Amino acid sequence: MPTRNIFAIATAAAIISVSAVPAYAKTVKVTLHAVEKNVQIDNKGTEYPAWTFGGTIPGPLIRVTQGDTVEFTFINDKENKNSHAIDLHAAQVDVLGEFAPIKAGETKKFTFVPKYPGVFMYHCGAMPMQQHIARGMYGAIIVDPKGGYSKAYPKPDREYVLVEGQYFPNADDDKGMLVNEGWTNSLINGKIFHYDPVHDPNASQVLEAKPGERVRIYFVNANINMPVAFHPIAGIWDRVYVNGNPKNVMYGVQTYNVAVAEADAFDIVSPADRPTNNAIVDHTMSAALRGAITVLMNKPDADPKAGKGDNILIR
């Protein structure tokens with residue numbers, strides 16, 4: 001059985017890119033580090049005392065194929081001050097075993113086989129859980145279907161990962177977080193208005209595609225308390241794959257409500273005859289206008305590397 005080594009380390013976010021083509025099951029080794037460090041929370045460089053996987057918000061993207069054997073190693077770096085845990089929503093294991101917290105300096109290893117395709121959240125499960133998640137300990141895992149692409153699940157021209165989270169400036173107020181007090185902004189892939197130069201002149205990045213291309217967005221709601229009304233302004237979701245599973249498909253959807261800790265896949269196809277732009281938003285206005293807006297530019301000169309390979313989760 002072939003083996004692939006994948007290391008998601010503190011110094012660089014490893015993105016595991018695997019095409020959804022028919023494949024034999026393989027063994028995949030994944031390593032995640034819990035890292036407590038300051039990160040930039042907006043486009044002007046404001047720092048925040050985060051708790052992270054791999055030193056980034058969100059943590060490294062993990063991508064495997066349905067039926068793979070995942071050999072998982074979780075390391076709580078010895079420099080940390082807190083216990084941390086890993087809760088992988090794609091894994092069917094023991095909450096009191098594999099998902100139990102470990103102290104700083106300790107390592108946990110376990111194996112699981114993802115039985116269902118889709119996109120899933122992972123997060124820290126140590127208590128107080130709302131604080132560990134809100135401070136940045138979350139990420140995405142994509143499980144490609146073992147059968148690959150099909151007419152019902154067409155290959156996209158580009159793919160992007162978006163993870164929404166809530167920003168609580170007072171990182172120590174776990175009691176306020178529990179009752180949703182003190183949150184001031186929404187984060188997309190770890191920053192306020194990360195890909196929105198319309199509302200933030202400091203934003204220097206957007207999503208790109210060519211007119212008429214099929215763009216698949218893997219979206220994770222990592223908010224601790226709030227669902228997301230996921231909507232493409234000036235567009236319609238051509239297909240929505242609930243939980244990212246090709247069997248759970250909906251067509252022609254204007255807005256889809258993504259529950260807390262849910263993840264789904266969304267296809268959008270722009271008009272092929274002219275350049276257009278979409279604003280992909282959490283249509284809950286208190287979230288959208290506090291940071292949850294992403295600009296997708298559909299233009300003939302789109303970067304040919306954007307949304308492909310290692311460029312699907314833009315830092």
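This is a predicted model: local features need pLDDT of at least 70, side-chain atom pairs count only at pLDDT 80 or more; totals for chains, interfaces and linings use all residues.
Residues are numbered from 1 along each chain as its sequence is written, and side-chain values use heavy atoms, with hydrogens and water left out.

Let me begin with the sheet. When I speak of strands, I mean DSSP runs of E with at least two residues, numbered from the N terminus, and two strands pair if DSSP finds at least two bridges between them.

Strand 9 and strand 8 then pair in the antiparallel sense over six bridges, with Tyr122 opposite Gly139 in strand 9.

How many residues of strand 8 are buried? Six of its six residues are buried, where buried means under 20% relative accessible area, exposed means over 50%, and partly exposed lies in between, with a 1.4 Å probe and protein chains only. In a regular strand, the side chains alternate between the two faces of the sheet. In strand 8, Gly118, Phe120 and Tyr122 point one way, Val119, Met121 and His123 point the other way, and all of them are buried.

By cavity I mean a set of points, on a 1 Å grid over the protein atoms alone, where a 1.4 Å probe fits but cannot get out, and its lining residues have an atom within 4 Å of a point. The search of the whole structure finds one cavity of 30 Å³ or more, and the largest cavity holds about 30 Å³ of space, a volume being the space filled by probe spheres set on the points, which are joined across faces, edges and corners. Strand 8 (118-123) and strand 9 (138-144) each supply at least two residues of the lining of this largest cavity, and strand 9 gives the most, with three residues. Among the lining residues are Tyr153, Tyr218 and Gly244. The lining divides into six nonpolar, two polar and one charged residue; here Ala, Val, Leu, Ile, Met, Phe, Trp, Tyr, Cys and Pro count as nonpolar, Asp, Glu, Lys and Arg as charged, and the others, Gly among them, as polar.

I turn now to the salt bridges, each of which is a side-chain nitrogen of Lys or Arg within 4 Å of a carboxyl oxygen of Asp or Glu. The whole structure has ten of them by this search. In one, Arg63 meets Glu159, with the closest N and O atoms 2.9 Å apart. This pair links distant parts of the chain, since Glu159 is in strand 10 (residues 158-167) and Arg63 in strand 4 (residues 62-65), 96 residues apart. Glu159 is buried at 10% relative accessible area, and Arg63 is buried as well, at 2%.

Which residues are linked in a network of salt bridges? They are Arg214, Arg216, Asp238, Arg239 and Asp267. Within it, the side chains of Arg216 and Asp267 meet at 2.7 Å, N to O. Arg216 lies in strand 13 and Asp267 in strand 18 (residues 263-269), so the pair ties together parts that are 51 residues apart in sequence. Both count as buried, Arg216 at 0% and Asp267 at 0%.

Finally, His33 lies in strand 2 (residues 27-40) and is buried, at 17% relative accessibility. Its side chain is joined to that of Asp77 by a polar contact of 2.7 Å, the term meaning a pair of N or O atoms within 3.5 Å where, within protein, one must be able to donate a hydrogen and the other to accept it, and where residues adjacent in sequence count only if both atoms are side-chain atoms.

How values were computed:
Helices (H or I, at least four residues) and strands (E, at least two) are DSSP runs, numbered from the N terminus. On a 1 Å grid over the protein atoms alone, a cavity is a set of points where a 1.4 Å probe fits but cannot get out, and a pocket is an open set with protein on both sides within 12 Å along at least five of seven lines; lining residues have an atom within 4 Å of a point.
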